[in-house]
Amino acid sequence: MEKGKIIELYRKMLEIRLFEEKVFELYGQNIVPGTIHLYIGEEAIAAGVCSNLRKDDYIVSTHRGHGHCIAKGARLDMTMAEILGKKTGYCRGKGGSMHIADFSVGMLGATAVVGAGIPIATGAGLSIKLRGTDQVVACFFGDGAANQGTFHEGINLAAVWKLPVVFICENNLYAMGTCQSQVMLIKDIAERATAYGIPGVSVNGNDAIAVYETAEKAIKHARHGNGPSLIECKTYRHKGHSRFDPATYRPKEEVEEWLKKDPIQNLKRQLLEKGYLLNAGMAQIEREVNDIIEKAAQFAIDSPYPPPEEALENVYA
Amino acid sequence: MSMHNGDGKMRVITYRDAIREALLEEMKRDNTVFLLGEDIGRCWEGAFKVTKGLAEEFGDERVRDTPISESAIIGTAVGAAITGMKPIAEIMFGDLTTLAMDQIANQAAKIHYMFGAQAKVPLVIRTPFGGGVNIAAHHSQSLEAWFMHIPGLLVAVPSTAYDAKGLLKTAIQGSNPIIFCEHKLLYPTEGPVPEEDYTIPLGIADIKNEGEDLTIVATMFMVHKALNAARMLKKEGLGIEVVDPRTLVPLDKKTIIDSVKKTGRLVIAAEDCKTAGVTAEIAAMVAEEAIDYLDAPIRRVAEPDTPIPFSPPLEKYVIPDERRIIKTIREII
């Protein structure tokens with residue numbers, strides 16, 4: 001992976017991290033309605049995968065979707081405005097944190113129903129095949145979704161029809177408070193790919209370069225008409241499932257161990273070791289990212305709420 | 001037949017063929033239209049043979065046999081619909097829409113609204129409802145009212161070949177997800193259909209029989225039972241007006257209310273369960289908006305709140321027939 005690409009990847013991951021920290025801060029100030037599911041700790045996955053995608057490629061996202069939006073190129077200010085329920089948000093305040101979409105960059109939307117995005121991604125893949133373009137779909141979902149029927153139905157259909165979809169399982173080991181070993185006997189969800197006759201691979205989801213390179217292969221495979229793949233990214237969410245969930249169901253030692261594997265610190269170390277960036281360069285990037293996030297947050301805070309009667313609009317096209 | 005424009009020739013074809021013609025014409029007109037569903041391709045051509053010959057005409061890419069995966073059928077159709085295609089999904093029996101309910105009710109219905117009108121979901125879901133062929137509780141339900149309860153979905157309930165073709169063409173040309181309800185017993189029924197191209201707008205009821213004394217609002221196969229009842233009562237000098245809404249969402253309230261204003265009496269007949277059903281919604285609407293015009297209480301003809309039983313005498317007992325319609329009419333006239 002070339003130097004410029006790695007630095008870009010780092011910047012994107014930092015954008016996601018600082019954005020999420022800002023969301024958490026605003027949530028604490030009671031500015032964010034409803035609930036939030038933060039992507040902190042999983043940044044390498046969205047950034048590593050989406051760095052391989054073109055603007056006209058598609059992604060399908062989940063309730064933990066802010067990172068996917070940012071990685072695919074959605075605007076930070078409109079994303080933040082949507083999270084705050086403002087009129088200037090991507091969905092004019094109709095969607096909120098769990099239902100953001102930006103069709104202008106191929107972000108086909110987050111669905112808050114676990115596993116529901118999988119067949120939708122298959123459908124976008126079918127659309128690509130029928131229209132005869134060389135686009136690709138990346139479909140993000142968690143370990144919880146791997147136990148839904150839609151996982152089986154959607155991946156099987158994509159496999160049978162050889163559709164250009166890359167299924168990305170973000171395995172953060174917990175579906176809400178339920179740990180993986182309680183609900184499946186296998187350790188590697190990637191093994192399930194065998195059942196559909198497609199390639200499946202497990203990768204360290206906290207290693208951005210490893211994710212990038214694994215996704216690169218799968219995306220090329222899909223773009224060249226060779227069908228779908230399943231990539232399992234092993235990761236961990238630094239925060240609880242949602243809001244102020246203290247995540248006490250996770251052993252303290254486990255949390256500490258994973259915090260040491262922070263994907264951003266990980267990549268930062270590699271950049272410094274390789275001499276791609278010096279401390280001054282790092283600080284410069286951090287300042288720039290901080291600045292755009294502050295601006296995005298201010299834009300969202302200053303934006304008006306939608307007029308109440310807009311609730312009745314756009315039920316039908 | 002008031003919506004037919006022009007003087008073109010009519011011919012008599014079945015409801016099944018009318019639907020097939022609509023699919024064929026729209027697939028020819030627009031190459032983003034494609035079909036997917038279980039056993040709709042060249043091996044079986046649809047459980048009710050609606051897609052007969054279409055795979056040969058358009059190829060297996062546009063007439064796609066799927067695995068028995070209803071959730072993936074609809075989910076895949078949704079994904080295709082939001083990225084430039086116009087899928088028409090067939091769910092072999094209406095009862096099996098339950099297997100795809102998240103994709104229908106949470107995804108297809110809500111994407112346009114929830115994403116702030118960034119995307120449209122031009123998706124037609126064709127599926128047969130209704131009983132009367134002794135296939136019991138898992139293949140005989142009428143769930144139209146479920147879909148009326150989901151904002152974002154349209155619901156069509158054609159009762160004739162003419163309506164089925166014209167409404168289906170409108171549905172395919174539209175921009176919204178629509179549950180296109182067919183009725184198993186209607187497939188072999190025949191009716192006049194123009195040779196020329198035509199469409200029927202959604203939300204326009206059709207007065208299938210004019211009368212002065214009582215209004216029956218009926219849907220799908222019940223329209224034909226209501227027409228039979230009207231013919232029988234005509235011999236007694238009673239004029240029964242049969243109003244067929246043709247679509248439940250949108251519902252043509254005006255035509256129903258205008259008819260009630262004229263007759264002062266209302267019976268509503270549909271094949272689904274009585275509680276929270278099609279008849280309940282229409283009764284509530286008339287009670288709310290036109291109660292002053294009623295000279296008698298509203299009466300409903302619907303199925304009792306039971307699953308559809310198997311044994312012929314049991315099934316016959318729960319599905320309303322002409323006799324029940326007439327008995328109900330006599331209660332208020």
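This is a predicted model: local features need pLDDT of at least 70, side-chain atom pairs count only at pLDDT 80 or more; totals for chains, interfaces and linings use all residues.
Analyst: Local features need pLDDT of at least 70 and side-chain atom pairs 80 or more, while totals for chains, interfaces and linings use all residues. Residues are numbered from 1 along each chain as its sequence is written, chains are lettered from A in the order in which they are written, and side-chain values use heavy atoms, without hydrogens and water.

User: Why are α8(B) and α12(B) called oblique to each other?

Analyst: Helix α8 (residues 221-234) and helix α12 (residues 322-332) of chain B pack at about 60°, with axes 9 Å apart. Axes are lines fitted to C-alpha atoms, for helices over the stretch in contact, and angles run from 0 to 180 degrees between N-to-C directions. Under 35 degrees counts as roughly parallel, over 145 as roughly antiparallel, 65 to 115 as roughly perpendicular, and the rest as oblique. The pair is therefore oblique.

User: What makes up the contact of α8(B) with α12(B), by class?

Analyst: Contact means heavy atoms within 4.5 Å. Among the residues that meet are B:M222 and B:K225 in α8(B), and B:I325 and B:R330 in α12(B). The classes are eight nonpolar, one polar and three charged residues. Ala, Val, Leu, Ile, Met, Phe, Trp, Tyr, Cys and Pro count as nonpolar, Asp, Glu, Lys and Arg as charged, and the others, Gly among them, as polar.

User: What makes β9 and β14 of chain B edge strands?

Analyst: The open sheet has five strands in the order β9-β11-β10-β13-β14 (chain B), with mixed pairing. Strands pair if DSSP finds at least two bridges between them; β9 (206-209) and β14 (299-303) each pair on one side only. Strands β10 (residues 214-218) and β11 (residues 240-244) of chain B pair in the parallel sense over four bridges. One bridge joins B:I216 to B:V242.

User: How much area is buried between chain B and chain A?

Analyst: About 3,200 Å², of which carbon and sulfur atoms give 64%. Buried area is the accessible area (1.4 Å probe) that two parts lose on being put together, summed over both. B:Y113, B:F115 and B:Q118 supply 20% of the area that chain B buries against chain A.

Note on methods:
Helices (H or I, at least four residues) and strands (E, at least two) are DSSP runs, numbered from the N terminus.
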